[in-house]
Amino acid sequence: MDRVPIIKIGKYLLATIPPDVQDSVAIALQEDLGTRIVASRARLVLVDISALQIVDSFIGRMIGDISGMARLLDAEVMVVGMQPAVAMTLVELGLTLTGVRTALNVEAALAMAGIRDHT
Amino acid sequence: MTSRPYVTPIPILGAQREAILERWIAEQKREGIARPDLLSDADLARECSEFMSALFAGLNSDSMDPTGSRWEQMRASLRGITLSRGRLGFGPSETMRFVLTLKEPLFSSLDELEPTQHVQAVLEINRLIDRLGLMTSEIYQQGREEIIQRQQQEMLELSTPVVKLWDGILALPLIGTLDSERTQVVMETLLQAIVETGSTIAIIDITGVPTVDTKVAQHLIQTVSAARLMGADCLISGIRPQIAQTIIHLGITLPDVVTKATLADAFITALSRIGQHVVAKRTDHER
């Protein structure tokens, strides 16, 4: 089964969601992330969804779930690089991901994370 | 309606074609719908004779049904005349009466017929001209609707400019009422601009929005949420005192949205968010 690679960059974790993500892959990612957060003691997880062009309610909920789960493990999820069409779909579905931090791209996300760590 | 036998003697009408045309034009002038200010006499005569040829082309077929295939020329001619009159500024009733005034010249050319045949023929022609008149008004309406639709489209395109105020700061001055369709366009343009410019802050200025009701507020919140999902913060500016009052009376809350009274205030806030600030230029004696 395909798995989403989770990369560790310094104190952060980065998961890049592939364009055609299957539900099973999404569930596996959720499990993997939990393990990796605990193992690496990362405080911030970047979920890069810039490749995702189409989103359904399942993936939308998954992002919310990952964020909730990470919060329980004392880490924060930042959703990175959401495409306009995806953002509009999620708003239409009523999934505004309240409480989840967002960033335009990985660069902006790392800059934001850096500012946060130094204050 | 299918083709049916009819009694109207086409040859009699055909023989008087020139006379009918002349009487028709005279009738239009007498009724005051010729409008010499919009259409010259020569053009009027040309239109009328075009209409007459199309009419006779239809009458010479074996059908009195103007929606039938034999009346193709009539319909095309009617369409051309109606649309051109609409553009020239003729009113809907003037355009319709242009067709209806043809009745009397046609009736009077049937005077030689025997009474029973005469009644029958008049009824037939009456029905035919009425239907042509209705078609005219329908075409006229369609022409108007096309114009309205085109203008709506143009307004949509015109009314959603996204302005770059600074590196990383976009402004979206909204003008006019926000309905669902416009919100969609506004949202798309804004989100696309956020991606293209890599901006982290967008200012939505609603100075030009006349009223804010629950629906408009809902649309604003949606736009703000979508931008936030992409990683850009939205500020709303240009809320006039009356609108603020309306919003409170309606019980609308704009949760997690920073609002400012003017675009200038919002711009200063946006600048400080990206770590910039405006200072006055020092004059020479201060140095």
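Me: Where is A:Arg41 found?
Reply: A:Arg41 sits in the loop between helix 1 (23-40) and strand 3 (44-48) of chain A. Helices here are DSSP runs of H or I with at least four residues, strands are runs of E with at least two, and both are numbered from the N terminus. This is a predicted model, where local features need pLDDT of at least 70, side-chain atom pairs count only at pLDDT 80 or more, and totals for chains, interfaces and linings use all residues. Residues are numbered from 1 along each chain as its sequence is written, while chains are lettered from A and ligands numbered from 1 in the order in which they are written.

Me: What is the phi of A:Arg41?
Reply: A:Arg41 has a positive phi of about 50°, although it is not a glycine.

Me: Is A:Arg41 buried or exposed?
Reply: A:Arg41 counts as exposed, with 11 C-beta neighbours inside 10 Å. The cut-offs: buried is 20 or more other C-beta atoms within 10 Å of a residue's own, exposed is 12 or fewer, partly exposed is in between, with C-beta atoms placed from the backbone.

Me: And A:Asp74, where does it lie?
Reply: A:Asp74 lies in the loop between helix 2 (57-72) and strand 4 (76-80) of chain A. Its phi is near 60°, a positive value in a residue other than glycine. A:Asp74 is exposed, with 11 other C-beta atoms within 10 Å.

Me: At what angle do helix 3 of chain A and helix 8 of chain B pack?
Reply: Helix 3 (residues 84-92) of chain A packs against helix 8 of chain B at about 135°, with the axes 9 Å apart. Axes are lines fitted to C-alpha atoms, for helices over the stretch in contact, and angles run from 0 to 180 degrees between N-to-C directions. The two helices are therefore oblique to each other. Under 35 degrees is roughly parallel, over 145 roughly antiparallel, 65 to 115 roughly perpendicular, and the rest oblique.

Me: Which residues meet there?
Reply: A:Pro84, A:Ala87 and A:Met88 meet B:Met187, B:Glu188, B:Leu191, B:Gln192 and B:Val195.

Me: Which residues of helix 11 are buried in chain B?
Reply: In helix 11 (residues 263-273) of chain B, B:Ala266, B:Phe267 and B:Ala270 are buried. Seen down the helix axis, they fall within an arc of 100°, so they line one face. The arc is taken over directions from the helix axis to the C-beta atoms.

Me: What covers them?
Reply: The cover includes strand 1 (163-166), strand 2 (169-175), strand 3 (201-208), strand 4 (233-237) and strand 5 (258-260) of chain B.

Me: And which exposed residues are on the face turned away?
Reply: That face of helix 11 of chain B carries B:Ala264 and B:Ser272. Just after the helix, B:Gly275 takes a positive phi of about 75°.

Note on methods: Two residues are in contact if their C-beta atoms, placed from the backbone, lie within 7 Å.
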